Every structure is written in C-alpha cells, then in structure tokens.
Amino acid sequence: MNIDIIRQDTRGLSDGKIFMNNAGSSLMPSIVVDSMIEYLESEEQLGGYETMNRKADALEEFYDEAARLINTKPSNIAFATSATEAYAKALSSIVFKEGDVIITTTDDYISNQITFISLQKKLNIKIIRTKNLPDNELDLEDLESLINKHNPKLIAVTHIPTNSGLIQDVESVGKLCKQYDVLYLVDACQSVGQLAVDVEKIGCDFLSATGRKFMRGPRGTGFLYVSDKVLEQDYAPLLLDMRGADWTEFDNYELYKTAKRFENWEVSYASLIGFTKALQYANNIGMHAIEHYNKGLSERLRENLRSSGFSVWDWGKNLSSIITFSAPDGDLEKIQNVLKENNIFFSVTHKNSALIDFTRKNINGIVRLSPHYFNTVEEIEMVSDILKQAL
C-alpha cells in the first residue's frame, strides 16, 4: 500500500483532522464522490431513466466488485440501501412459525437484537443466546448443545460487534450450521472493508454489509449476499416488487433467479455508482493488505492505551480495528473533550446500545476509536500521547 497516495485520494484529511471513526462512517476516497457528482449531473441533463440506460454497464460492475470482495459470484449479490435493510430482507424471507427458535449471541448488534425481540413478540418464536467462554470467545460446545436441544430455524451472528473489538468465530459457527443443516445469517457490517471476508470459508446462507463504514462508500448503500442453496430453494423477501419477480399470471409470479430478487426497483443509482468505486478502491489495494495494516495500527493503539492506564474493553483472542476504552474511573466526558479539542474524530457507545455486553463488563459506556488504512503510525502515537496527558 502507498499510504501517501491513499491520503492524497482522501480529501477529507486535508484540513488536518485525525479521523478515527471509521466504524461509524468513514471518509470517502475522492473517486467515490466525483463519480456520484458526475452521475447526478447526468441525471440533471438526461433524467434518471436515460442515465440509467446509458450507464447500464457501469451499474452492473457493482455486482462484480462486491462478489470479488467476499469471494462469491455476482449472481449472489443484491444491492441494499443499508446493512439493516439487507439483514431485514434476509430475515423476511424465512417463514417463521410459532415456537421456532433463533439462536444468536450476546454480542449481536442492537438493531438485530431488537428485531429478534420484535419477531418474538409478533410471531411467538423463541430467542436463545449462546454462552461466551471466560475469554469472551463463543462457546461452541454450548452452541452445538443448543442446536441439538432446540433444532433452530436460524443461527445469526454479528461478525464484529459495534461496541467492542471482538471478532467472533463465524467460520466455526458455519461448520456447525452445515453439519446440522441450519440456516445461517451473518452481520458483516463492521468487518467488510476492514478485514478479508470470505463467504465460502464462513459457509453462511446470508451476509449483510454496509457501504458507509470501513468500506468507505456513501451512506445509503450496502449489500446482501445470498447463497446458491437458498436461491435454489426460492427464498425471497416477504414484500417483493417488480425487481424480484416476473408477473406471469393475474394471481401469480415467477421469481427471478439471482439475488437481485432481494432488491427494490427504486434505488439511488448515483449512490450505487459511488459504492462501486469504493469497492473497486479496496479491491485494488487488496483486503489482505488492508487487514494486515489495520491490525498493526489497532494493536499499537490498544497497547498504548493500556500502558497509559486506560481501561480497554476489547475482550477476546482475535481483535479488530475497533478499540473501546474508558478512564480507570469509567469517566468518558474528559476523554471526549480532549479528543474534540484536538480535532480527533471518535464515537461513544452507551449501555443501551450494548446492554448484555456492558452489563457483563459492569460499565455504562465506552469511547470508541476505529483507525483505518489511511491513518498513519504517527497519528496513532499522537492520539496516544494526547490521551495519556489527559489522565
């Protein structure tokens, strides 16, 4: 990676800020923004339909780039306006009956947890959360025991929780799902763009991702991966439109063959073009190179914070480029003030967004830093020194 070129490609860094909120919404490369402006200017002159027709080949590149990113085929990719939409459409394609079981984890994303509870209230299904080992890794023996006991309809795992640096062992979960023939849904909202994600190794039936975080795309973008197995079994979202099926008889339709059946007809094609450029940008650098670089930055920052006396709340053997911490007394306000004063971009997560995890850790909130491959080692050291002086 040429860090100098990458930073030159990122106009948002030109004002001297230190941007470390990539787990929230990252800075887009200039090619992403420029391509969106160009597309909108074309719509201004030609209208949306004519622009769509003239740019048809460029729009199709989205599926190629997303497939390349996660090691699948373009036919397994559906564009979405967010990871949440992609996740909800995957869930809506599963016909749940009263008494069905969803097994998830204690570290699943807040919106996913709320969705599961909503399904529980509306359909009277059961939500069961597998245990964590003392080192905070998933207890795979407990998961297998729960599978045998409850015969779940679905297993759902968030690859990287938004509230800690934990990377959950989605590949081992995938092996159990394959062994017991259980549907498997992975939320890769925080992992896609940060580290190499391979759906063949994970073995999932669905995987949802966003554009705005580590992928460095625009807001209002994401995608859903749908496996060949579930496509062949005619899984489709509960509420289809003409993007998903062909109206063949007065009271019948025929599903389209690819994952595009999970899309809606109307989307922002300017955003899709921008997301395509973000995917190309990451693919051209290489996700393994990005993952390796990010790992070095995050390990250095995490160790600096610990050695300075901060409480670091990332528990687990395999940690990501999300670093969560607080002052030894749990205070967050002073840390926030210091970071703001020094033009360092960050995020804060409170207990209501990570109720189970923060109850277990006996904390009310954390400050979150999430460096990415356009950050430098010098920035890591500068942020570390600024925070150390704040204690």
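**Salt bridges.** I searched the predicted model for salt bridges and counted 19 of them.

I looked up their positions and found both in helix H4, which spans residues 56-70, where three residues, about one turn of the helix, separate them. I noted that Glu65 is buried at 12% relative accessibility, whereas Arg68, at 46%, is partly exposed.

I next checked Glu85 and Lys89, whose side chains meet in a salt bridge at 3.8 Å, N to O. Both belong to helix H5 (residues 83-92), and being four residues apart they are separated by about one helical turn. Is Lys89 buried or exposed? I found Lys89 buried, with a relative accessible area of 12%.

I then turned to Asp181 and Lys229, which form a salt bridge whose closest N and O atoms are 3.8 Å apart. This pair links distant parts of the chain, 48 residues apart, since I located Asp181 in the loop between helix H8 (170-180) and strand S6 (183-187) and Lys229 in helix H10 (residues 228-232). For accessibility I wrote down that Asp181 is exposed, with a relative accessible area of 61%, while Lys229 is partly exposed at 33%. I also recorded one network, in which salt bridges that share partners join Asp107, Asp357, Arg360 and Lys361.

**Cysteines.** How many disulfides does the model contain? My search returned zero disulfides. I looked at Cys177 to see why, and found that the closest cysteine sulfur, in Cys204, is 9.4 Å from its own, which is too far for a bond, the cut-off for a disulfide being 2.5 Å. Cys177 is buried, with a relative accessible area of 2%, and Cys204 likewise counts as buried, at 3%.

**Strands.** I looked up an open sheet and found four strands in the order S11-S12-S15-S14, with antiparallel pairing. Strand S11 (311-312) and strand S14 (347-350) stand at the edges, and each has a single partner strand, so one side of each is left without a neighbour in the sheet. I also examined how strand S12 (residues 323-326) meets strand S15 (residues 365-369), and noted that the two run antiparallel and are joined by three bridges. Which residue in S15 is the bridge partner of Phe325? I found that Val367 takes that place. I then checked what lies across these strands, and recorded helix H13 (residues 333-341), which lies across S12, S14 and S15 and runs at about 25° to S15.

My last entry concerns strand S9 (residues 245-249) and strand S10 (residues 252-255), which pair in the antiparallel sense over four bridges. I noted that a hairpin joins S9 to S10 through two residues, and that Ala245 stands opposite Leu255 in S10.

Technical notes
Residues are numbered from 1 along each chain as its sequence is written. This is a predicted model: local features need pLDDT of at least 70, side-chain atom pairs count only at pLDDT 80 or more; totals for chains, interfaces and linings use all residues. Side-chain values use heavy atoms; hydrogens and water are left out. Two strands pair if DSSP finds at least two bridges between them. Contact means heavy atoms within 4.5 Å. Axes are lines fitted to C-alpha atoms, for helices over the stretch in contact, and angles run from 0 to 180 degrees between N-to-C directions. A salt bridge is a side-chain nitrogen of Lys or Arg within 4 Å of a carboxyl oxygen of Asp or Glu. Buried means under 20% relative accessible area, exposed over 50%, partly exposed in between (1.4 Å probe, protein chains only).
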